[in-house]
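Please open the model in your viewer and keep the sequence beside it, so that each selection can be followed in both places. The tour moves from one selection to the next and says what is there.

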Amino acid sequence: MSASVDAISAIKAKFSQITDRPSRDCPAVDVPNADIVTVLRTLRDEGGFDLLSDLTAIDWAEGASPRFTAVYHLYSTVSHAAIRVATPCIGEDSAPTVPSVVTLWPAANWHEREAFDMFGIKFETHPDLRRILMWDGYPYHPLRKEFPLAGIETALPDLEVAEETKAKVIAAPMMGGPFVASAGEMNLTEAEPRAKDESWNERSAKPDA
Amino acid sequence: MATEFAFPDSAAKAAGAEQDFAPEKMSLSMGPSHPSTHGVLRLQMELDGEILVKCDPVLGYLHRGDEKIAENMTYNQFVPYTDRLDYLAPLANNMAFAIAVERLAGLEVPARCQAIRVLTAEMARVSAHLMGLGAFGLDVGAWTVLVHSLNQREHLYKLFEELTGARFTTSYTRIGGVTRDVPEGWLGRVIEFCDRFEPALEETLALLTRNKIFQDRTVGVGIISKEDAIAYGLTGPNLRGSGVSLDLRKDKPYSGYEQYEFDVPIGSKGDCYDRYLCRGEEMRQSVRIIRQVIAKFPRGDWYAKDARKIFAPPKDKILTSMEELINNFMIVTEGPQIPAGEVYFEAENPKGALGFYIVSKGGGVPWRLKIRSPSFCNLSILPKVCAGTMISDVVTLLGSLDFVMGECDR
């Protein structure tokens, strides 16, 4: 743990724009969007954080500022220290951007593709920013808070098959599950786990379909 | 380490030199349903004769949206979903998830609960490595190994069934404890299993370790250098096979791993054979840990009794006391009450470091839950290692990387 604390104080001495981030486990810092690559490179080359454990993003819901935060978890294979670095994404909600760190860690390649796929975050200078879990041409970013749990009906990825079969990817029927609990302050009845959209199910079709 | 990694694709594009391929190059799609891709991985390959020029893994065929689902249910409801990540070692996943949430709650579980979790996680490691070993043998043409290893795994599954009620999808942990204490006489049966398993393991490994055909297929094939392994974020036996001594059980001990003595095997060359040797030795070490856990199995509680708002009270109390009934109702409907904050916890799973990054705004439902799956990270090195190898070696390489698509695609 002390190695992580040392690394944090060293990086804070070097870059005055870094602030502490509240954390329950490893030391964590917030870095401005523009400095993220420089700070991470310094941490890698001077702090000894040679392994990028994880790279992900958080959606703080519509209207929040910043709406999206990119989070990096670094690990040192020598001192076994771990730290968390976070940076806000800038730009429109439809295309938040953050600089890519693929040149620092090739491991970031797939992680950034996943964050792009799930949140629509544009990683600038990423060599190959394609979807990775959903198919090419899928129109939504499913981990965004406004995307419904049941999903949204879309065309099949293979257009020829779609034309032939007149089929499409349909949303999941929510009747009977998953039983969804709700977070936040509300009364017990509302917080109780239940299927949230009971207006349609396997037997009776969705009203507007 | 002051290096920049250049990507050939982007460099070529930047120079305006759009590469057009000579007509004799063949493009081949392997998978998503192919026996050696261990599930539904698809490799989009470009071949020059038998040599791979380019390999592009296509993922997502088993994507269930676990992270989205997690945001919409309580912590305990998500435990069954963790079974289905690395479905060869569900007990280890259960444990990793429970510890991550407990770290967020600042909750320490009793010594007996920790011991049970370590015991089950090591048994899961043996079972996962047995399957990995058998499938790897099958990939390179050694059929007998699979029969031997599945035989041993069956004994483990019987023990899992006795403990958790399920052979495969165990859902054994809860936040703040486990679902039930170990049954009467069960520990003795685990020791009996160890006694039978140790000679059987040596017999199984002897089928491969000095086998000329196996060595010809694996030695010097799919070499991953130490630097590459770290840069691509490999973990687990794949990283250790490349000679990096990183084992989270030793380096950042959790759940009382610091009390047990075990060695961390590392490879020297980083080829498929080294990764096989590492897995074999890890099974021996796991049995060593299992014996130690049982030898000093602590008495006492098997769940956190003081965690009133997190772990549901025992059934007999619920049926006899009004307050406990209300408490149980609150935990079931609203979920375990976890304070706001964020936590990242990685556990050393059979496939590598399984990480959970949980952001909580308080209450029983996570705001964001990211699963850092080791198979996903381990596979990301595939385009790099595959370039320039023979197509038959790709099968060996996939077997030696030992990935599970359920975890990779989430």
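Begin in this predicted model by selecting residues 143-164 of chain B, which form helix α6, together with residues 186-206 of chain B, which form helix α7; the axes of these two helices come within 11 Å and cross at roughly 170°. Because of that crossing angle, α6(B) runs roughly antiparallel to α7(B). To see where they meet, show the side chains of α6(B), including B:His148, B:Gln152, B:Leu156 and B:Leu159, and those of α7(B), including B:Trp186, B:Val190, B:Phe193 and B:Phe197. Sorted by class, this contact of α6(B) with α7(B) holds nine nonpolar, five polar and three charged residues.

Next, select A:Ile83, A:Ile121, B:Ala100 and B:Val101, the residues with the most contacts inside the largest nonpolar core, which has 164 residues.

Now move to helix α17 of chain B, residues 391-401, which is mostly covered, with nine of its 11 residues buried. Among the buried residues of α17(B) are B:Asp393, B:Val394, B:Leu397 and B:Leu401, and just after this helix B:Asp402 takes a positive phi of about 50°.

Finally, colour chain B by confidence: its mean pLDDT is 87, and 95% of its residues reach 70 or more. For the complex, the predictor gives an ipTM of 0.84 and a pTM of 0.87.

Definitions and conventions
Residues are numbered from 1 along each chain as its sequence is written. Chains are lettered from A and ligands numbered from 1 in the order in which they are written. This is a predicted model: local features need pLDDT of at least 70, side-chain atom pairs count only at pLDDT 80 or more; totals for chains, interfaces and linings use all residues. pLDDT is the predictor's confidence in each residue, from 0 to 100. A nonpolar core is a set of buried Ala, Val, Leu, Ile, Met, Phe, Trp, Tyr and Cys residues joined through C-beta atoms within 7 Å. A residue is buried if 20 or more other C-beta atoms lie within 10 Å of its own, exposed if 12 or fewer, and partly exposed in between; C-beta atoms are placed from the backbone. Helices (H or I, at least four residues) and strands (E, at least two) are DSSP runs, numbered from the N terminus. Axes are lines fitted to C-alpha atoms, for helices over the stretch in contact, and angles run from 0 to 180 degrees between N-to-C directions. Angles under 35 degrees count as roughly parallel, over 145 as roughly antiparallel, 65 to 115 as roughly perpendicular and the rest as oblique. Two residues are in contact if their C-beta atoms, placed from the backbone, lie within 7 Å. Ala, Val, Leu, Ile, Met, Phe, Trp, Tyr, Cys and Pro count as nonpolar, Asp, Glu, Lys and Arg as charged, and the others, Gly among them, as polar.
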